[in-house]
Amino acid sequence: MARDKTWFGNFEYQRKEDLMNPIQKFYCRIYQNVLHLALPFLPYRKPEILSSIFALPDLFHEKKISTVLLITDKSIRSFGLSFPLEQELKNQDIECIVYDDTVPNPTSDNVEEARKLYIDHHCEALIGFGGGSSIDCAKAVGARIARPKKNLAKMEGILKVLKRIPLLVAIPTTDGTGSETTLAAVIVDSKTRHKYPINDFPLIPRYAVLDPYLTKTLPPSLTATTGMDALTHAIEAYIGNSTTKETRADAKRAIELIFMNLAKAVHDGNDLDARKNMLEAAFLAGNAFSQSYVGYVHAIAHSLGGQYNVPHGYANAVILPMILEAYGEHATKKLAELAIVSGTSRDSDPVVRAKAFIQAIKEMKSVFSIPDTFKEIREEDIPMLAKQAAHEANPLYPVPKEMNAKELEQYYRKLMEDGHGN
C-alpha cells in the first residue's frame with residue numbers, strides 16, 4: 001500500500017491504485033506549462049477604478065448610454081445600498097432597470113431572466129452590484145448577449161466566449177470576492193446543480209467602483225468570510241505553479257493587507273480605512289488569481305456551493321487550512337514566504353514558518369467563529385462531489401500537488417459534520 005504522507009501526517013493513506021498516475025500528472029503539468037508560457041501574450045487587463053458610485057452618470061453620458069441593467073439581490077435592496085445609485089441615474093436621465101433575484105450561487109435561470117430584461121428594455125450596459133454572485137451573474141448575462149446562440153453550459157472552461165460583451169461596471173459591496181477584476185464567472189446549472197466556471201477575457205469588467213461606504217453595513221460574519229475568500233484567492237494564486245512577478249506581488253500585498261485589516265473591519269464596520277484597504281486587497285487578490293488561477297480549495301468549495309448552495313466565501317474559509325496542510329512539502333517554501341509577509345513567523349526553519357502560517361489561518365477562523373465542517377455533506381454524495389472538483393481543477397489549476405477524484409474524497413469526509421472532521 002502506497003503511503004501518500006504529508007509533513008502533518010493527519011490524512012488517511014491512499015491505495016496506490018487510487019492515486020493520480022504519472023501520465024495523468026504529466027498531462028496536467030504540460031497543459032499548465034503551456035498556459036503559463038502563453039501568459040505574456042494573452043489580453044489580460046485591469047478594470048479602470050472609480051472611487052464613487054456617483055461617477056457613473058458622467059461615464060454613461062460620455063459613452064452615450066441611456067439605459068442600463070443593474071443586477072443585484074434582494075438583501076442588497078433591502079439594505080437600500082443600491083438606491084442612491086438608482087436615484088442618481090434617474091436624476092441624470094439614465095433609465096435603470098433592476099434585476100434583484102440573484103441567489104447566493106447564481107443560477108442559469110438567474111442569467112436568463114436578467115438577459116430577458118436587458119433585451120426587453122433595450123439596455124446598453126450592465127452593472128453588477130453586490131457580492132460575487134451578482135457580479136458573476138452580470139458577467140454571464142454579458143456572455144449570453146454576446147453569444148445568443150450558445151448556452152452557458154457550452155461556455156464552461158476557458159476561452160469559450162470570444163466576443164466583446166456590453167460595457168460592464170462591477171460594484172462590490174463585499175471585501176472579498178474579487179469578481180470585479182477577474183475574467184471568471186461561476187454559475188450553477190439550474191437543472192443539474194453542477195457549478196462551473198466560465199473564463200474568458202471579455203468578462204473582465206471595464207470599470208470597478210471601489211467605494212468603502214458601500215461595505216459599511218456588511219455584517220461582521222459576511223465581512224469575515226468574504227475577507228477570507230480574498231485571502232484564499234491570494235494564497236492559492238501565490239502557491240500555484242503559474243505565477244508571474246506581477247501576480248506574486250499582488251498576492252503578497254493582498255495577504256499583507258488582509259492580515260492587517262480584516263479583524264478591524266470585522267469588529268468595526270465603520271472603520272473606513274480598514275474597509276478601503278480590504279477592497280484593495282480583494283482587488284489585488286482578484287488580479288493575482290485571474291492570471292495564476294486557484295486550486296483545490298476553490299474546486300471543493302464550488303462543488304459544495306453547487307450541490308448544497310453553501311456560500312462560496314464561507315466554504316473557502318472552512319476548507320482553506322485543511323488543503324494547505326494536504327499539500328505538505330509541495331507548498332512549504334511558498335507558505336514559509338507568506339509567513340514572513342503576513343507577520344506570522346520569522347523562524348529560520350521554513351517548515352516551522354509554513355506551519356505557523358496555517359495555524360494563524362486556523363486562529364483567524366476561530367476568532368471569526370468559522371467552523372471546520374459542513375452539516376450539509378452526505379456520504380453518498382462524496383464520489384460525485386469529488387469528481388466535480390477534479391473535473392474543474394485538472395488539468396487547469398496549477399496546484400502544488402496534483403490529486404484525482406479518489407484522492408479528493410478523503411477531504412470531503414474530513415469536512416463532514418459527523419465526527420470525521422477535526
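User: Leaving aside its neighbours within four places in sequence, which residues is E402 in contact with?

Analyst: This is a predicted model. In it, E402 is in contact with M20, K25, C28, R29, Q32, Y296, N394, Y397 and E407.

User: Where in the chain does E402 lie?

Analyst: E402 is in the loop between α14 (382-393) and α15 (405-414).

User: Is E402 buried or exposed?

Analyst: Buried means under 20% relative accessible area. E402 has a relative accessible area of 3%, so E402 is buried.

User: Which side chains make polar contacts with the side chain of E402?

Analyst: R29 is one of them, with a polar contact of 3.1 Å between the two side chains. The side chain of Q32 makes another, at 2.9 Å.

User: Now the sheet. What is the order of its six strands?

Analyst: The order is β1-β9-β6-β4-β2-β3; the sheet is open and the pairing is parallel. β1 (48-50) and β3 (95-99) each have a single partner strand, so they stand at the edges, with one side of each left without a neighbour in the sheet. On average, neighbouring strands of this sheet are turned by 25° against each other, direction ignored.

User: How many bridges join β2 to β4?

Analyst: Strands β2 (residues 67-71) and β4 (residues 125-130) run parallel and are joined by four bridges. As an example, I71 has G128 in β4 as its bridge partner.

User: Which strands does helix α6 touch?

Analyst: Helix α6 (residues 132-146) packs on the sheet and touches β2, β4 and β6 (167-172). The direction of α6 makes about 160° with that of β4.

Key: Residues are numbered from 1 along each chain as its sequence is written. This is a predicted model: local features need pLDDT of at least 70, side-chain atom pairs count only at pLDDT 80 or more; totals for chains, interfaces and linings use all residues. Side-chain values use heavy atoms; hydrogens and water are left out. Helices (H or I, at least four residues) and strands (E, at least two) are DSSP runs, numbered from the N terminus. Buried means under 20% relative accessible area, exposed over 50%, partly exposed in between (1.4 Å probe, protein chains only). A polar contact is a pair of N or O atoms within 3.5 Å; within protein, one must be able to donate a hydrogen and the other to accept it, and residues adjacent in sequence count only if both atoms are side-chain atoms. Contact means heavy atoms within 4.5 Å. Two strands pair if DSSP finds at least two bridges between them. Axes are lines fitted to C-alpha atoms, for helices over the stretch in contact, and angles run from 0 to 180 degrees between N-to-C directions.
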